[in-house]
Amino acid sequence: MGKLTGENVLITGASRGLGRVFALHLAALGANIGIIHRDLHTYKDYPYEAKEFKGDTVLDELEAYDVKVSHAVADVTDFDELQKAVNHIVSELGTITILIC
């Protein structure tokens with residue numbers, strides 16, 4: 001059991017960059033991960049990042065951890081899309097206890 005076992009984390013923009021790093025690190029600590037993204041493959045536009053990936057997407061990488069993972073596509077500037085995405089993730093993970101935007 002990790003330090004964050006039982007916590008449910010929601011991260012926006014976790015398909016690449018710092019959001020991805022947060023998702024992987026928090027999953028390693030035992031947290032369940034919910035990701036809101038626009039496209040899971042945007043990292044392919046950044047060759048340096050692309051070579052760091054150990055799967056096709058961050059979702060594939062998160063499979064290495066024994067945690068629940070959920071994701072939804074949304075533009076975070078669109079309130080209706082964002083609300084639907086959050087509701088979807090909450091329905092799969094439960095109450096969000098940590099939010100990273």
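Which residues in H1 are buried? Let's look at this predicted model in a few close-ups.

**View 1. Helix H1 and its buried residues.** Gly19, Arg20, Ala23, Leu24, Leu26 and Ala27 are the buried ones in H1 (under 20% relative accessible area; exposed is over 50%, partly exposed in between; 1.4 Å probe, protein chains only). Their cover includes E1, E2, helix H3 (58-62) and E4. Helices (H or I, at least four residues) and strands (E, at least two) are DSSP runs numbered from the N terminus.

**View 2. The span of H1.** The twelve residues of H1 should span 16 Å at 1.5 Å a residue, and the end C-alpha atoms are 17 Å apart, which agrees; the expected span is 1.5 Å times one less than the number of residues. After H1 comes Gly30, with a positive phi near 100°.

**View 3. The open parallel sheet.** Four strands line up in the order E3-E2-E1-E4, with parallel pairing (at least two DSSP bridges between two strands). Strand E3 (69-73) and strand E4 (98-100) are the edges, each with a single partner strand, so one side of each has no neighbour in the sheet. Strand E1 (residues 8-12) pairs with E4 over three bridges, and Val9 stands opposite Ile98 in E4.

**View 4. Helices on the sheet.** H1 (residues 17-28) lies across E1, strand E2 (32-37) and E4, at about 170° to E1. Helix H4 (residues 79-93) packs on the sheet, touching E1, E2 and E3, and makes about 165° with E3.

**Notes.** Residues are numbered from 1 along each chain as its sequence is written, and side-chain values use heavy atoms, leaving out hydrogens and water. In this predicted model, local features need pLDDT of at least 70 and side-chain atom pairs count only at pLDDT 80 or more, while totals for chains, interfaces and linings use all residues.

Technical notes. Contact means heavy atoms within 4.5 Å. Axes are lines fitted to C-alpha atoms, for helices over the stretch in contact, and angles run from 0 to 180 degrees between N-to-C directions.
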